[in-house]
Amino acid sequence: MTSADVVLSYCRRFYDAHQYTNTGPLSRALEERLAALHGAAYCKVFSSSFWALALAVRALALPGRSEVIVPSLADRRVADVAAWCQLKPRWCDVDADTLALSAAAVEPRVSHETALVLACHPISGWAQAGELETLAERSGVPLLFDSVTSSGETLEGRRIGTFGNAECFSLGAGSLVDGFKGGYLTTDDGALSTEVSLTRGFGFNGHDNVEHLGFNAKLNELHAAMALASLDDLDTRIARSRERRGAYEAMLRAIPGVRLRGREEGGREAPPGVIVELTEAWPSGTEETLEILRAGSVDARRYCPADLPALADRTAGSSSRSRAARLADRLVVLPSGDEVSLEDIGRTCALLGHIEATTARPGEGWPR
Amino acid sequence: MIDAKRRASDLAVLGGPPAFERPLPVGQLYFPSWDRFERAVRDLLSRRGASHGALTASLEEQLAAFFGVRHVVMVTNATLGLAMGAAALRLRGKVVLPSFTFVASAQALTWAGVDPVFCDVDPVSHQVTPATVEAALDDEVSAVLAVNLWGGTCGPRALEDFARARDLRLVFDSAHGAGVHADGAPLGRFGDLEVFSLHATKVLSATEGGCICTDDDELADRLRRMRGPGAGELPVGGRTGAHATFSDAQAAVGLLSLAAFPEIRANNERLFRRYEEALTGIPGITMLAPVGAERSNYQSVVLQIDEAALGLSRDGLVGALHAENVVARRYFNPGVHRMVPYRDEPRRRTLALPVTERLCATLVQLPIGALVTDETVERIASLVRALRRYAPKLTEAAA
């Protein structure tokens, strides 16, 4: 848990300066530290990762084009960001192992209407970042990464935060860098950095001069204080995150029908969460499993809302369910943020074990 | 009476030292005492995970009582609240709003996918009225976004009657309006919904924050589900996910701010009256009283400048005050119809809003709030007198 003393020592700085928001000294300090963490030239902080994405999409999208290529297995925010930015999602199926976009899957979807490619790094794997960069350069289409769950990681020898035109991350509760709520963007593009810096504050450059269509997407100083304190503690948070992941690995191994997704030996440095797949061997439906977990005070959720890949399939006019749709039905996110203890993980796994042991299989007299 | 500028050369804009050591901004900037804030932060951090959303729920309940409404939905900030309100009401086509407002009012509509149509404001009240809205109406207008300015109001009941008679939706941008009473009720219950700001510069503060008020059960449910993430989110598609949550950390500050509201309002009123006294009799300076309000929160000090009588233009006055570290503001300047991207649309290039244009060229806001004392008010009034007295020297120096 982040130390209250450390949080308050940061808070004292904005308190004494009477500056509680509007890109105050703590937000600026946070931006410098996050840029350094990711090895990026620039970092800008926002009220949330979602609105960081939305402002980045608006800034990067090629003018006059109507579509954004997005994965059809993802958090609902990819559909929401397209809607708020008045772009049509052009859905793209994901790789069965990584649950992410590959360049081979994206390329046939690039057209004269493509304004942007929005690739996500799911909790359990990676989008083909380098190959997508190559595709983006070749096609002239901007590439934005939703790296919301990927702070502190490396990929293909580079730090996450330096891929594509920009990447967006979360400062929300449970994130590796926890600011209660918030988000940030990293980029090596100075012009993009300047533009989103203005648009998050209503587009103002100076007191009265609006230069862009803006919004309020500012991070307040209280959230910045919490995030800075969380950064001070980063190594410990990464170690605890690995410990929680390890606990899930050890306990879930013993439960048939539950497959822990994504982690390989020597894999991600700072696993941001836990996705499990309820395989064919799992005796209960996903919704029923979630109901039981929630009744047991386990804050589990679907990895991807069921209606998102269904929407993608309908949009594509597909008569059969895509891989994304089949996977979406089976993927569950288990709680693993900093507030989750090893005892909590034990209780969660025990509950899953109980479901597995006590739910009748088809042919045993009960419908599944 | 304080009079530190005995000679023209004492003015900062003519080389003298500034009247204030540190910049004095416009903006309420009230914040809980350190002791109370520290206790709240320690308590919040000690129960994280166990009480997710509890403080926000408590703030919503208390604000519902404060505003006299059935539902309060706290969101990240008021601009997002307005955009969500427009999306939740499924507004389409055009929405009429005054150009004389903070730019966020229009930006929220643009993000929600509706087309802002700008109207003028009343020359006396400076607020939008049924008459000014009527002048901008056409068959494609589906709603009105009315704004309650400066701790006063635009006469919400008259606008409700107007909107009802024309089958228009009605939303109030009440960013300035927490604690204001008009037409026999607190702001909060009027129209389809109202949005208040809990930005640090407003009378109620959560550092940032937006408060959507409505008595409509179905609308409130839709807003909560749009706010997400969480139980019962709306199906994917369209602007059904706003990702607009409000943190318990913000709620902790908001609860303390709400508890202090009576003292905040009383202090604002006292300072407001002090300004009225201190600025009386200065030619070219008219201090505006909050209009349309039975009870104001006195969140703004707004002056109208008559250049001929003052001997100094509004911009000249603002520049000279800035040099003294009084960060006076030209809210709103220019009118939103003259701001990017709206000004670049061909149909707006010929749009004539003469009252708005005049107000944008002649109004100034002075600081009021937590950083202002009686002495501050006296000192600022003295500066204004001195600037008028030495206006010819300022004009000479600028030439």
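Strands here are DSSP runs of type E with at least two residues, and helices are runs of type H or I with at least four, each numbered from the N terminus. This is a predicted model in which local features need pLDDT of at least 70 and side-chain atom pairs count only at pLDDT 80 or more, while totals for chains, interfaces and linings use all residues. Residues are numbered from 1 along each chain as its sequence is written, chains are lettered from A and ligands numbered from 1 in the order in which they are written, and side-chain values use heavy atoms, with hydrogens and water left out.

S10(A) and S11(A) run antiparallel and are joined by 3 bridges; two strands count as paired if DSSP finds at least two bridges between them. Together with two further strands they form an open sheet of 4 strands in the order S10-S11-S13-S12, with antiparallel pairing. Strand S10 (258–260) and S12 of chain A each have a single partner strand and stand at the edges, so one side of each lacks a neighbour in the sheet.

## Strand S13 and its partners

Strand S11 (residues 274–278) of chain A pairs with S13(A) in the antiparallel sense over 4 bridges, and A:Glu277 has A:Leu331 as its bridge partner in S13(A). Strand S12 (residues 301–302) of chain A also pairs with S13(A) in the antiparallel sense, over 2 bridges.

Which way do the residues of S13(A) point? From this strand (residues 331–334), A:Leu331 and A:Val333 point one way and A:Val332 and A:Leu334 the other way. All are buried, meaning under 20% relative accessible area, with exposed over 50% and partly exposed in between (1.4 Å probe, protein chains only). In a regular strand the side chains alternate between the two faces of the sheet.

## Two helices of chain B

Helix H3 (residues 78–88) of chain B has 11 of its 11 residues buried, so it is largely enclosed by the rest of the structure. Among them are B:Leu80, B:Gly81, B:Met84 and B:Gly85. At the start of H3(B), a side-chain oxygen of B:Asn77 comes to within 3.2 Å of the backbone nitrogen of B:Thr79. Just after the helix, B:Arg90 takes a positive phi of about 55°.

Now to helix H13 (residues 354–362) of chain B, where B:Thr362 is found. B:Thr362 counts as buried because its relative accessibility is 17%. Leaving aside residues up to four places away in sequence, B:Thr362 touches B:Leu303, B:Gln304, B:Ile305 and B:Arg314, where contact means heavy atoms within 4.5 Å.

## Where chains A and B meet

The contact takes 55 residues from chain A and 60 residues from chain B. The area buried between them is about 5000 Å², with 65% of it from carbon and sulfur atoms; this is the accessible area (1.4 Å probe) that two parts lose on being put together, summed over both.

How many salt bridges cross the interface of chain A and chain B? The rule, a side-chain nitrogen of Lys or Arg within 4 Å of a carboxyl oxygen of Asp or Glu, finds 3. One salt bridge joins the side chains of A:Asp208 and B:Arg330 (2.5 Å, N to O). On the side of chain A that touches chain B, at least two residues each come from helix H1 (4–17), helix H3 (49–60), helix H4 (77–84), helix H8 (221–232) and helix H11 (307–316) of chain A. H1(A) gives the most, with 9 residues.

How values were computed
Polar contact = N/O pair within 3.5 Å; in protein donor to acceptor, adjacent residues only side chain to side chain.
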